[in-house]
Amino acid sequence: MLLLNPGPVTLSERVRRSLLQTDLCHRESEFFDLQDEARDRLLNIYALDPAAWTAVLMTGSGTAALESMIAAMVPANGKLLIVQNGVYGERIAQIAAQYQIAHALVKHDWMEAPDLARIDAALAEDPAITHVAVIHHETTTGRLNDLSAIDRLCQARGVRLLVDTVSSFGAEAIDFSGNIDAVCSTANKCLHGVPGAAFVIARRAALTHAATRTYYLDLVRLAKLQDQRNTPFTPSVHAYYALVEALREHQEEGGWKGRHQRYAALAEQARAGLAALGIEALWPAEQSSVVLRAYRLPNGVTYEQLHDGLKARGFVIYAGQGGLSSQLFRISTMGAITAADIDRLIEGFKALVQR
Ligand SMILES: *Cc1c(COP(=O)(O)O)cnc(C)c1O
């Protein structure tokens, strides 16, 4: 089965085999070598200086890393402005509410791009705001939000930026030279590892005034212990094996730029093949990530018919979320997917649409 859902991804044989390595005690030096390699390699993807930045690993899915980041990086007396244009932006607001973090919202319809003028007005209006949180790639619709433009607003207003890069880290450009204080992601999206290992990349200077609101996901403690080649709890050792192997493969395949080019080619191949069948992409390429594209359901075919017909041919596609499920479907090209796979996918669509 080939997974075209936005994570977990189809594994390469090399990453799958890495799961079969020797059993490790997480209190032995072999485990800390693995942890160190994963942390170094994560910083290397965007050439981040380990003196200024730290990669903090944790056991859980992408949401664990998001929760850890939000709970820590807004200081006790801080206030968060959350930019919402999809399911994942709404999740940040739920986390802020859960931890009783002071916050304000700039809400958009799920089909809209973040409105820079509204974000700037919200910052101008409320000087208590210290941080902005935004999703980089809003996986709800496949839209790549304009991170650089939002970062420039943050720089002009003197506030810090926290970014959910769960479905973009390792495949899209991320400029860490502005006001980003932290980003969060997971092993099993663009990095091609298995579910169970997630991480936050944080600016060390910002961690010094971070808050401690959660026990298990406490970013400050995780960072401190990992710097000492230690760990507070039992990590998902096998997921770390797979993450390290996936990071080696990622580097050998040209780092984030290599992965970006590979995804862009597969996404364009899928778009062109579906367009020839009258199936329209939701956004033009320049508003989309290369990671995932949303398409309008063709007339006369339900999502269930498409999904089940393609699954019988060995492909798992993904529904639209919430109210979009009757209008859209999504195809991610993350994971060990080839051009030949996309050709077979388009053949499958042809058989289902042209009945
Ligand atoms: C997948 C995803 C998440 C986290 O999902 P998990 O199921 O917890 O791994 C968070 N944000 C975005 C943008 C995502 O695409």
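Biologist: How far from an oxygen atom of the ligand does a backbone N or O atom of G62 lie?

Modeller: This is a predicted model, in which local features need pLDDT of at least 70, side-chain atom pairs count only at pLDDT 80 or more, and totals for chains, interfaces and linings use all residues. Residues are numbered from 1 along each chain as its sequence is written, and side-chain values use heavy atoms, with hydrogens and water left out. A polar contact here is a pair of N or O atoms within 3.5 Å. For the backbone atom of G62 and the ligand oxygen, the distance is 2.9 Å.

Biologist: Which residue has a side-chain N or O atom 2.5 Å from an oxygen atom of the ligand?

Modeller: A polar side-chain atom of S167 lies 3.5 Å from a ligand oxygen. The value of 2.5 Å belongs to the side chain of T139.

Biologist: How much of the accessible area that the ligand has on its own does the protein cover?

Modeller: Accessible areas come from the Shrake-Rupley method with a 1.4 Å probe. On its own the ligand has 390 Å².

Biologist: Which elements give two or more residues to the shell around the ligand?

Modeller: The residues around the ligand (a heavy atom within 4 Å) include S61, T63, Y88, R91, H137, D164 and K189. Helices are DSSP runs of H or I with at least four residues, numbered from the N terminus. The elements asked for are α3 (62-73) and α4 (87-98).

Biologist: What is the volume of the largest pocket?

Modeller: A pocket is an open set of points on a 1 Å grid over the protein atoms alone, where a 1.4 Å probe fits, with protein on both sides within 12 Å along at least five of seven lines. The ligand takes up the space of the largest pocket, by the rule that more than half of its atoms lie within 2 Å of the grid points. Volume is the space filled by probe spheres set on the points. For the largest pocket that is about 290 Å³.

Biologist: Which element gives the most to the lining of the largest pocket?

Modeller: Lining residues have an atom within 4 Å of a point. Among the 20 lining residues, T63, Y88, R91, V166 and K189 are the closest to the centre of the largest pocket. With 3 residues, the element that gives the most is α3.

Biologist: Which helix gives the largest share of the lining of the second largest pocket?

Modeller: The second largest pocket has a volume of about 200 Å³. Of its 16 lining residues, L147, S148, A173, I174 and D175 lie nearest the centre. The largest share, 5 residues, comes from α6.

Terms used: A polar contact is a pair of N or O atoms within 3.5 Å; within protein, one must be able to donate a hydrogen and the other to accept it, and residues adjacent in sequence count only if both atoms are side-chain atoms.
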